[in-house]
Structure formats: structure tokens, C-alpha cells
Amino acid sequence: MHKITFKIKSIMVDGFAIFFFLLIGFTSFSQVGINTTTPNSTFEVNGSNGQKVTMVTTNTTLDDTHSIVLCNNGAVAKTMTLPTAVGITGRIYSIKRGEASTADVTIATTSSQTIDGEMDYMLMNAKESVTIVSNGSNWNVVSTFVPQFPMGEISFFNGIPKIITISSPSNGSTNMVLCNPATALTTNMMGVGFDNGGANTGRLRYTGATTRVFHVACTISVGPIASNDQFVFGIARNGTVLSTSKVIQKTNNSGEIMSTALHIMVTLAQNEYLELYVGNMTAGRNVEIYSLNFFALGM
């Protein structure tokens, strides 16, 4: 097995150099090492290496001058168009959407070619990236990076309930009242992108830059002031109760604690917030909240 090591600080084009490279051209080497005398692979670099980095802000057609492409597209959607995969087997592109980007970056193909069987590939999150390679006829994804999905949670639990004052009966749409116990924002989770809106009063606010769809879950435990009250609960976005979130719970005896859960899919833009509202469909009577858990997970 032949091994050759190159350790070159400068190259001088002279007769010896030309002879040396011509000699290499007629010699078969199975492994080549740079800065190592014992390469363990076909080509091994014992040190740093570099690739060209191109910053783009407009629609761009990639070619053999591109390698790593950073898309600073801001709030405007952009398209990165791949060249034909035919005749460039092994060519690799790494494409990343900017950290402040709020619009999608589309990676498009030519000549009806595909990326993992699809006509295009979408970077739908700020900081998201993909590395793709040509197989000679189409493109294949070899690695991706998707930033952590935003998650937020607030909770309240107390043996002494928070009384929510309800002065007028509700028909399920009118006279809905904010549930605002002294909630605590969960801060020890892996996800990011939420805060409490500035106060622990039952609000969960999305702070991420990218508009997303969220799965929202809310669980509450309540007790009626009087027997046989019928309550309606609903999740509100920016103070408006979402009709698809409403549930009705009928209580039995005064002082009896009952629980219910709400689940909904909702779209949130930056600084939009979620809260829980309640109405009494029987009479203008108060409700006691013993526990509240509010959770949102971005998709």
C-alpha cells in the first residue's frame, strides 16, 4: 500500500515542481495525507480546512462558485435554485436561513429534478439549515438542522382557590371573564420563545420571530360557589376567545372540585398571547380556581 504526505507552505512553479507533479500523475496512491505521515483514509487533513461562504439577500441560482450559502432574507421570502444534478455527482451545498429571518427560504430544483423525492425543500424556521448532495440525477438531503421548537408553560396550584368574579351570566360568547390567578412561568424546560407578558397573571406570550402554529393545552380544576352551575371555558388569543376552544362543564355540589382540559391548534405571531376565560351559563355567580396549567408547543 502506497502512502504519500504533502506538507506545502508555498508552491514555486519550476522545472522540479513540474516534474514532481508529473511523477504523481503516473503513480497510483491509495491514501493521501496533509500534515500527517500516516493517513487513515483516502484523503486526510490533519488540521483546519475551509469552504467558500456566500451571503445572499436575493433570489439566487447556485453554481460551481457556491458551497456554503447564508440567506439573509429578512421578511421577504427568497428562492435558492439548484443547478442540474446531472454531471456533478458528489457536489454538496449547505444552505442556511438567517437568524433574523421571518420569511421562508425555498430551495428549488431544475429540469423536474427532486430533493429526496420532492420538487423543492423549504426552510421554514429562522436559523434552519440543510446540506444536500447530487447523486448524478437528483439531490439528496444528507443533514439538517432545525432550531428548538418554542415551548411555553405557566401553572397555578393552591389549596386556597383564586376566586374569579362573574357578575353576569354568559351565553358562551358574551360576559366571559379572564382567569388570572398568580401563575408561575416554567423556566427550566428545554424550549424557548415564551414569557409571561410582564406579570404572573395567567398570560402566556409568544416572543419568537417566526409566525407558527401551536398545539395549546390547558387543564383547570375549579369549584362552584353554588350547586348545579354550568360553566364555559375558552382559550383566548389577544383577549378574544377562540370559538373552537370552548368547553362546557356542569358542576354538582357547592365546594366540589372538578377538572377539565382544553386542546386547540392556534397560529401565533410575535408578541401575541394566550389566556383562559370563563363564563357562568347559569347565573352571575363566581367560580373558584384551584389549579391551572397552560402549555403551548410550536410546530
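This is a predicted model: local features need pLDDT of at least 70, side-chain atom pairs count only at pLDDT 80 or more; totals for chains, interfaces and linings use all residues.
Is strand 18 mostly covered or mostly open? Strand 18, which covers residues 212-224, is mostly covered, with ten of its 13 residues buried.

Staying with strand 22 for a moment, I would point you to T260, which is found in that strand. T260 has a relative accessible area of 16%, and because buried means under 20%, T260 counts as buried. Leaving aside residues up to four places away in sequence, T260 touches C218, T219, I220, F233, V247 and Q249.

Now to the core. The largest nonpolar core has 29 residues, and within it V216 and L276 touch the most other members. Several strands each supply at least two residues of this core, including strand 13 (151-164), strand 19 (230-237) and strand 23 (273-280), along with strand 18, strand 22 and strand 24. In soluble globular proteins, nonpolar side chains tend to be buried together. What does L276 touch, not counting residues up to four places away in sequence? The contacts of L276 are V177, L178, C179, C218, I220, F233, G234, L262, L292 and F294.

Apart from that core lies another one, of 18 residues, and among them are V56, M80, I107 and Y121. Two of those names, M80 and Y121, come back when we turn to V105, because V105 touches C71, N73, K78, M80, R97, Y121, M122 and L123, again not counting residues up to four places away in sequence. V105 has its place in strand 9, residues 105-108, and with a relative accessibility of 0% V105 counts as buried. V105 and M80 are 25 residues apart in sequence, yet their C-alpha atoms are 7.3 Å apart in space.

Y93 stands opposite I132 in strand 11.

Y93 also brings us to the aromatic residues. How many aromatic pairs does a search of the whole structure find? That search finds five aromatic pairs. In one of them, the rings of Y93 and W139 have their centres 5.7 Å apart and their planes at 40°, so the pair is described as tilted. Because Y93 lies in strand 8 and W139 in strand 12, this pair ties together parts that are 46 residues apart in sequence. Both residues are buried, Y93 at 0% relative accessibility and W139 with a relative accessible area of 1%. A further pair, Y206 and F214, is edge-to-face, with 4.8 Å from centre to centre and 65° between the planes. Y206 and F214 are both buried, and together with F194 they form one aromatic cluster.

Finally, let me step back to the protein chain as a whole. Its secondary structure comes to one helix and 24 strands, and of its 299 residues 40% count as buried. If we take contacts between residues at least 6 apart in sequence, 67% of them join residues at least 24 apart. The protein chain exposes about 15700 Å², and carbon and sulfur atoms supply 54% of that area.

Notes
Residues are numbered from 1 along each chain as its sequence is written. Side-chain values use heavy atoms; hydrogens and water are left out. Two strands pair if DSSP finds at least two bridges between them. Helices (H or I, at least four residues) and strands (E, at least two) are DSSP runs, numbered from the N terminus. Buried means under 20% relative accessible area, exposed over 50%, partly exposed in between (1.4 Å probe, protein chains only). A nonpolar core is a set of buried Ala, Val, Leu, Ile, Met, Phe, Trp, Tyr and Cys residues joined through side-chain atoms within 4.5 Å. Contact means heavy atoms within 4.5 Å. Accessible areas come from the Shrake-Rupley method with a 1.4 Å probe; for residues, only the protein chains shown count as cover. Rings of Phe, Tyr and Trp (its six-membered ring) pair if their centres lie within 6.5 Å; planes under 30 degrees apart count as stacked, over 60 as edge-to-face and the rest as tilted.
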